[in-house]
Amino acid sequence: MMNAAQPRLSPEQSREPVRYLVFSASLRGASLNTKLATLVADVIERHGGTVDRASMSDFDAPSYDEDVEVGDGFPPGAEEFQRRLLANDAFVIVSPEYNGSMPGVIKNAIDWVSRYRPQPFNERHALLLSASPSMVGGNRGLWALRVPLEKLGTRVFPDMFSLAQAHKALDENGRIADAKLNSHFEVTITAFMDLVEAARNYPCAKKAWFEFLGEQTDEATSRSQ
Ligand SMILES: Cc1cc2nc3c(=O)[nH]c(=O)nc-3n(C[C@H](O)[C@H](O)[C@H](O)COP(=O)(O)O)c2cc1C
């Protein structure tokens, strides 16, 4: 029981260590999503999390081909993505929207990594964000990105954050200019951090969000798992 005389720690001071992989799913040098990923990393670190910052180019791989997988094994980008997922407790993807969906480069990376056993997306927590010059900030792409991740057992945080008119939304220091929107951005990230910390460190608070069916892996079903 807590001694009433002891000063209360702020949530940031009392956090247990949690590691977050953070990357943008854009390959573009001047990417708006990469700028938003930098802000995400900053918020996580300010609130006591440890950030492992990556680039989409670290995880880029040739188009998935089962013949290549069987003949040559995994390409370096898939190896790296798998390694970094396993090295962290949770991951954050800041993804552009392409044609109302996710960019092919991130779907291809997910497809490759889904072939590892044990499958590293399963039971990991994820937060999804996007940035776009459009009025909806690329939010449709995030709904598309949820689908393969949830299929693979990732616990995708219910709240997502999409930065609309992203080319105008950042100030000269690269921060979200609108104070209310910036506060919503920080609250979304810290709420995610609270959940990941609880699941990581306090098994009694852990909830299974998705039913894992536990199908047997054999030659016929392995492609669909
Ligand atoms: C192939 C392609 C498709 C796009 N489709 C959409 C779209 O459906 N919705 C949207 O909001 N923006 C779309 N855009 C615009 C991107 O949001 C914009 O280029 C954005 O800056 C890309 O993200 P980045 O800056 O992180 O590279 C598309 C851009 C490209 C190149």
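Predicted model: local features only at pLDDT ≥ 70, side-chain atom pairs only at ≥ 80, totals over all residues.

**A walk through the model**

Residues are numbered from 1 along each chain as its sequence is written, and side-chain values use heavy atoms, with hydrogens and water left out.

Back to E123, then. Its phi is near 70°, which is a positive value in a residue other than glycine. You'll find E123 in the loop between α5 and β4. When I say helix or strand, I mean DSSP runs numbered from the N terminus: H or I with at least four residues for helices, E with at least two for strands.

N99 has a positive phi too, near 50°, and again this is not a glycine. N99 sits in the loop between β3 (90–94) and α5, and with a relative accessible area of 83% it is exposed.

Now stay with the loop between α5 (104–113) and β4 (125–131), where P118 is found. What kind of peptide bond joins R117 and P118? A cis one, with omega at about -5°.

S114 is in that loop between α5 and β4 as well. S114 is buried, with a relative accessible area of 10%. A polar atom of the S114 side chain lies 2.6 Å from the backbone oxygen of D111. I'm calling that a polar contact, which is a pair of N or O atoms within 3.5 Å; within protein, one must be able to donate a hydrogen and the other to accept it, and residues adjacent in sequence count only if both atoms are side-chain atoms. Setting aside neighbours within four places in sequence, S114 touches Q119, F121 and L152, where contact means heavy atoms within 4.5 Å.

**Aromatic rings**

How many aromatic pairs turn up in the whole structure? The search finds 11. One of them is F74 with W112: ring centres 6.1 Å apart and planes at 65°, so that's edge-to-face. F74 is in the loop between α3 (66–72) and α4 (76–87), while W112 is in helix α5, so the pair ties together parts 38 residues apart in sequence. Is W112 buried or exposed? It's buried, at a relative accessible area of 1%, whereas F74 counts as partly exposed at 25%.

F74 also pairs with Y116, and here the ring centres are 3.8 Å apart with planes at 15°, so this pair is stacked. Since Y116 is in the loop between α5 and β4 and F74 in the loop between α3 and α4, the parts this pair ties together are 42 residues apart in sequence. Y116 is buried, at 7% relative accessibility.

For the cut-offs: rings of Phe, Tyr and Trp (its six-membered ring) pair if their centres lie within 6.5 Å, and planes under 30 degrees apart are stacked, over 60 edge-to-face, the rest tilted. Ring pairs also link a cluster made up of F23, F59, F81, F91 and F121.

**The ligand**

On to the ligand: 14 residues surround it, and the closest are S26, S31, N33, E97 and S132. A residue gets into that group if one of its heavy atoms lies within 4 Å. By type, the shell has four nonpolar, seven polar and three charged residues. Ala, Val, Leu, Ile, Met, Phe, Trp, Tyr, Cys and Pro count as nonpolar, Asp, Glu, Lys and Arg as charged, and the others, Gly among them, as polar.

Some distances to look at: a polar side-chain atom of R28 is 2.8 Å from a ligand oxygen, and a side-chain N or O atom of N33 is 2.7 Å from one. G100 uses its backbone, with a polar atom 2.8 Å from a ligand oxygen. Taken alone, the ligand exposes 620 Å², and the protein buries 69% of that. Those areas come from the Shrake-Rupley method with a 1.4 Å probe; for residues, only the protein chains shown count as cover.

**The whole protein**

Zooming out, the protein has eight helices and six strands. Of its 225 residues, 47% count as buried.

Conventions: Buried < 20%, exposed > 50% of the residue type's maximum accessible area, 1.4 Å probe, protein only.
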